[in-house]
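Open the model in your viewer and keep the selection tool at hand. The tour goes from one residue to the next.

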Amino acid sequence: MADKPQPVRVLYCGVCSLPPEYCEFGSDFDKCKPWLIQNVPDLYPNLIKEANDKEADRVADKLQGTGISSGAGDGAASSAPKEEVKRLPGGKIKKKEKQEVIIEKVVRNKRKCITTVKGLELFGVKLSDASKKLGKKFATGASVVKGPTEKEQIDVQGDIAYDIVEFITDTWPDVPEAAIFFIEDGRKVPAA
């Protein structure tokens, strides 16, 4: 009689829960490296060499850093704050958005205009309240819509670019006039 085949036991990464062969294709490969070195060192032999090189560099930097800080006396080099960088999947770095309001006039159907206001939410303004106030002030339709970059913006019917800067700075004092820009002929022009 033939023996029953036994099920195959698959080892999964404790960090990303993928099989170790596929960790390098996941989004958190840097976080998986310590686990891989400890549990599956034969699968990625270059990781061990890389870890040893990094450890040697870190020790050298630490020794050099202590020599510099002891020479300075006050330890100012170690008290510098470190900026946290937000990383997106795929290793891309997310840039911090500039706090600015961008006003753009879009012409449609020859004579009809839409004025688009982007970036008010960066100053703590609720867009739904802002669209209501803009609609009442200029006696026109205003709504909050998602723009082409998937960010919410306010669309106001009509060409109201002439008065909108003064209205924004009066209604929301948190928004400085220097942070308001117009888009004219594809160029960003300061409103002030």
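Which residues does Val165 touch, not counting residues up to four places away in sequence? Select Ile103, Glu177, Ile180, Phe182 and Ala191 to see them. Contact here means heavy atoms within 4.5 Å.

A note on the source: this is a predicted model, where local features need pLDDT of at least 70, side-chain atom pairs count only at pLDDT 80 or more, and totals for chains, interfaces and linings use all residues. Residues are numbered from 1 along each chain as its sequence is written, and side-chain values use heavy atoms, with hydrogens and water left out.

Stay on Val165. It is found in helix 4 (residues 161–171). Helices (H or I, at least four residues) and strands (E, at least two) are DSSP runs, numbered from the N terminus. Val165 counts as buried because its relative accessible area is 11%. The cut-offs are under 20% for buried, over 50% for exposed and partly exposed in between (1.4 Å probe, protein chains only).

Next, select Ile180, in strand 7 (residues 180–184). Ile180 is buried, at 0% relative accessibility. Leaving out residues up to four places away in sequence, its contacts include Val101, Ile168, Thr169, Val175 and Pro190.

Last stop: Val8, in the segment before helix 1 (29–39). Val8 counts as exposed because its relative accessibility is 73%.
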